[in-house]
Amino acid sequence: LKGLQGAQLTQRLETVEAACALADVGRRIVGQLSLGYRRRVGLADALLAEPPLLVLDEPTLGLDPAQTAATQELIRAAAGQQAVLLASNQPTLITATCDRVLTLPA
């Protein structure tokens, strides 16, 4: 899975599951989860292999305020370990999450 195996895989799965608050749904089918949980599963998948660049497109779309805040904190934590490229049209998400902003014209 993502080039991980053995103890390293187990450790990363536990770390990402805890970081994304997925312990409650660990054995459920992703398609049967709420939108919030599905978003968190996608983020966990992206974080699993610790890529040098994490690309996120509208990571909080459809999340409730508590889930949005938790996701923002998770993104900020990831940014301390790797480069994060965040695409969003939500100015509040951008200013609350990012250190630097680049605006691209449509």
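Predicted model: local features only at pLDDT ≥ 70, side-chain atom pairs only at ≥ 80, totals over all residues.
**Salt bridges, core and loops**

Visitor: Is Arg-76 buried or partly exposed?
Guide: Partly exposed, because its relative accessible area is 33%. Buried is under 20%, exposed over 50%, partly exposed in between (1.4 Å probe, protein chains only). Glu-73 is partly exposed too, at 45%.

Visitor: How many salt bridges are there?
Guide: Three, by this rule. One of them joins the side chains of Lys-2 and Asp-45, at 3.0 Å from N to O.

Visitor: Why does the Lys-2 and Asp-45 pair tie parts together?
Guide: Lys-2 lies in the segment before helix 1, while Asp-45 is in helix 2, so the pair ties together parts that are 43 residues apart in sequence. Lys-2 has 42% relative accessibility, so it counts as partly exposed. Asp-45, at 40%, is also partly exposed.

Visitor: What does Arg-12 form a salt bridge with?
Guide: With Glu-50, where the closest N and O atoms are 3.7 Å apart. Arg-12 is in helix 1 and Glu-50 is in the loop between helix 2 and strand 1, so this pair ties together parts 38 residues apart in sequence.

Visitor: Is Arg-12 buried or exposed?
Guide: Buried, because its relative accessible area is 11%.

Visitor: Back to Glu-50. What is its phi?
Guide: Positive, about 50°, although Glu-50 is not a glycine. Glu-58 also has a positive phi of about 50°, and Glu-58 is not a glycine either.

Visitor: Where is Glu-58?
Guide: In the loop between strand 1 and helix 3. Glu-58 counts as buried because its relative accessible area is 13%.

Visitor: New topic. How many residues has the largest nonpolar core?
Guide: It has 20. A core here is a set of buried Ala, Val, Leu, Ile, Met, Phe, Trp, Tyr and Cys residues joined through side-chain atoms within 4.5 Å. Val-16, Cys-20, Leu-22, Leu-47 and Leu-56 have the most contacts inside the core.

Visitor: Which elements each supply at least two residues of this core?
Guide: Helix 1 (6-19), helix 2 (35-48), strand 1 (53-57), helix 3 (65-79) and helix 4 (91-97). Helix 2 gives the most, with five residues.

Visitor: What is Leu-56 in contact with?
Guide: Set aside its neighbours within four places in sequence. Leu-56 is then in contact (heavy atoms within 4.5 Å) with Leu-43, Ile-75, Val-84, Leu-85, Leu-86 and Ala-87.

Visitor: Where does Leu-85 lie?
Guide: In strand 2, residues 83-87. Leu-85 has 49% relative accessibility, so it counts as partly exposed.

Note on methods:
Residues numbered from 1 in each chain as written. Heavy atoms only, no water. Salt bridge = Lys/Arg side-chain N within 4 Å of Asp/Glu carboxyl O.
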